[in-house]
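Let's take a walk through this model and look at how its parts pack together.

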Amino acid sequence: MDFNLSDEQELLRDGLGKFLSTRYDLEKSRAAAKTGPGWQPDIWRGFANELGILGAALPEDVGGIGGGPVEIMVIAEALGHALVVEPYVDTVVVAGGLLHRAGGPVATALLDKIVEGNAIVALAAAEAGSGDHWQEVSTTAERDGDGWTLRGSKIVAMSAPLASHLLVTARTANGISLFLVDLDATGPGIEMHSYRTVDDRRAADVTFDGLRIPGDALLGEEGQAWPSIATARDEGAAAVCSEAVGCMRKVLADTVEYAKQRHQFGQPIGSFQALQHRMVDMYMELEQSVAAVYLAVLNLEAEPAVRAQAVSAAKATIGRAARFIGQQSVQLHGGMGMTEELAIGHYFKRLTAVQFEFGSTDYHVSRYAELSRA
């Protein structure tokens with residue numbers, strides 16, 4: 001199994017890393033997240049026009065580069081290292097994958113806009129009471145003349161407040177279907193309650209009360225959306241695992257550097273053997289996470305059971321490592337580790353949130369166990 005990046009993938013990683021190191025300021029991004037629009041549109045345009053990363057893993061017929069899971073891993077890790085809040089995973093990985101598999105003129109036109117940086121698309125799939133089980137869908141879509149009527153509600157739709165379009169799972173007569181909602185063209189019948197999450201992202205709870213949408217809002221075949229949604233969820237999980245690796249690399253490096261600079265009893269605290277052991281444990285957790293992410297990424301195009309098992313192994317490993325490395329880094333920094341002034345506190349919040357995205361750690365441990373028994 002070859003873990004080396006190709007020359008093109010290394011150029012992608014280096015170019016994105018340089019862009020983020022010179023253009024992405026953490027203080028500015030936090031200000032936009034806390035008191036501004038929630039993101040930086042100029043950065044998103046840079047992703048599209050200067051770097052082309054919004055199309056790196058999308059097909060060439062919609063203006064993409066035609067990359068795959070490894071390109072997404074490279075991009076997501078770099079974004080995690082810089083603690084980027086812009087909705088790359090939600091729009092490009094999850095929504096982009098769903099639109100590509102759905103096909104058709106409506107999906108293709110929207111993919112074009114995503115690649116150009118002119119559309120933000122979010123998935124609304126989770127519902128109150130269903131927990132991590134997205135297949136438990138009570139939102140309904142009923143035929144209404146030449147269109148559809150949506151009724152129901154979704155919770156924690158990540159990036160929905162930033163979105164121009166929503167992808168909504170709903171139950172129809174034949175099963176679970178996927179619908180496109182153009183937020184710029186909707187009439188009455190939709191209510192969105194937006195909020196900022198603990199890690200400075202934007203999410204929303206969305207209620208549909210007789211929302212009328214056109215007939216071509218149905219993506220793919222009616223009642224046949226679940227396999228694509230399950231794939232998208234695993235792709236999103238693998239992407240946030242890659243993002244978490246980038247976060248953990250940064251957190252570990254900052255902690256080691258702080259231990260060299262912080263003096264106690266006349267010497268750097270990094271010289272104390274007990275603290276050295278802690279940092280070695282952090283490094284071991286990081287390396288196990290890297291290996292688990294490779295396993296997941298290289299199995300994303302495998303048959304569903306193999307893919308799901310590899311992704312759950314990675315998500316469970318990342319969940320444990322994110323918790324351990326985040327907590328240890330804060331403890332080694334002392335009380336100042338949770339202040340707004342230090343980056344470490346912001347990374348800790350993101351690593352905490354990652355443990356629950358696209359299925360909690362407990363959910364993936366249980367899914368892995370079930371698949372292992374099969």
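Before we start, one cut-off is handy: a residue counts as buried under 20% relative accessible area, as exposed over 50%, and as partly exposed in between. Bear in mind, too, that this is a predicted model.

Val-156 sits in strand E3, residues 147-158, and its relative accessible area is 43%, so Val-156 is partly exposed. Its phi is positive, about 45 degrees, although Val-156 is not a glycine. That's worth a second look, because most residues other than glycine have a negative phi. Leu-83 also has a positive phi without being a glycine, this time of about 55 degrees. You'll find Leu-83 in the loop between helix H4 (69-81) and H5. Is Leu-83 buried or exposed? With a relative accessibility of 2%, Leu-83 is buried.

Helix H5 covers residues 88-102, and its axis comes within 9 Å of the axis of helix H7 (residues 226-261), with a crossing angle of roughly 155 degrees. An angle over 145 degrees counts as roughly antiparallel, and H5 and H7 are therefore roughly antiparallel to each other. The crossing is right-handed. On the H5 side, the residues that meet H7 are Val-89, Val-93, Val-94, Gly-97, Leu-98 and Arg-101. Facing them from H7 are residues including Ser-228, Ala-232, Gly-236, Val-240 and Glu-243. Sorted by type, the residues of this contact come out as 8 nonpolar, 4 polar and 3 charged.

Now stay on H7 and look for helix H10, residues 343-354. The axes of H7 and H10 are 10 Å apart, and the helices pack at an angle of about 150 degrees. So this pair is roughly antiparallel as well, but the crossing of H7 and H10 is left-handed. H7 brings Val-240, Glu-243, Ala-244, Cys-247, Met-248, Lys-250, Val-251, Asp-254 and Thr-255 to the contact, while H10 brings Ile-344, Tyr-347, Arg-350, Leu-351 and Val-354.

Which element gives the most to the largest nonpolar core? That core has 112 residues, and Leu-20, Phe-47, Tyr-88, Leu-150, Leu-166, Leu-167 and Met-248 have the most contacts inside it. H7 is the top contributor, with 15 residues.

Glu-285 belongs to helix H8, residues 273-297. Its relative accessible area is 15%, so this charged residue counts as buried.

Last stop: Ala-122, in strand E1 (residues 121-124). Its relative accessible area is 0%, so Ala-122 is buried. Beyond its neighbours within four places in sequence, Ala-122 contacts Met-158, Ser-159, Ala-160, Ala-163, His-165, Leu-166 and Leu-167. By contrast, Thr-140 is 18 residues away along the chain, and its C-alpha is 19 Å from that of Ala-122.

Technical notes
Residues numbered from 1 in each chain as written. Predicted model: local features only at pLDDT ≥ 70, side-chain atom pairs only at ≥ 80, totals over all residues. Heavy atoms only, no water. Axes fitted to C-alpha atoms, helices over the stretch in contact; angles between N-to-C directions. Helix = DSSP H or I, 4+ residues; strand = E, 2+ residues; numbered from the N terminus. Parallel < 35°, antiparallel > 145°, perpendicular 65-115°, else oblique. Left-handed = near helix turned anticlockwise from the far one by under 90°. Contact = heavy atoms within 4.5 Å. Buried < 20%, exposed > 50% of the residue type's maximum accessible area, 1.4 Å probe, protein only. Core = buried A, V, L, I, M, F, W, Y, C linked by side-chain atoms within 4.5 Å.
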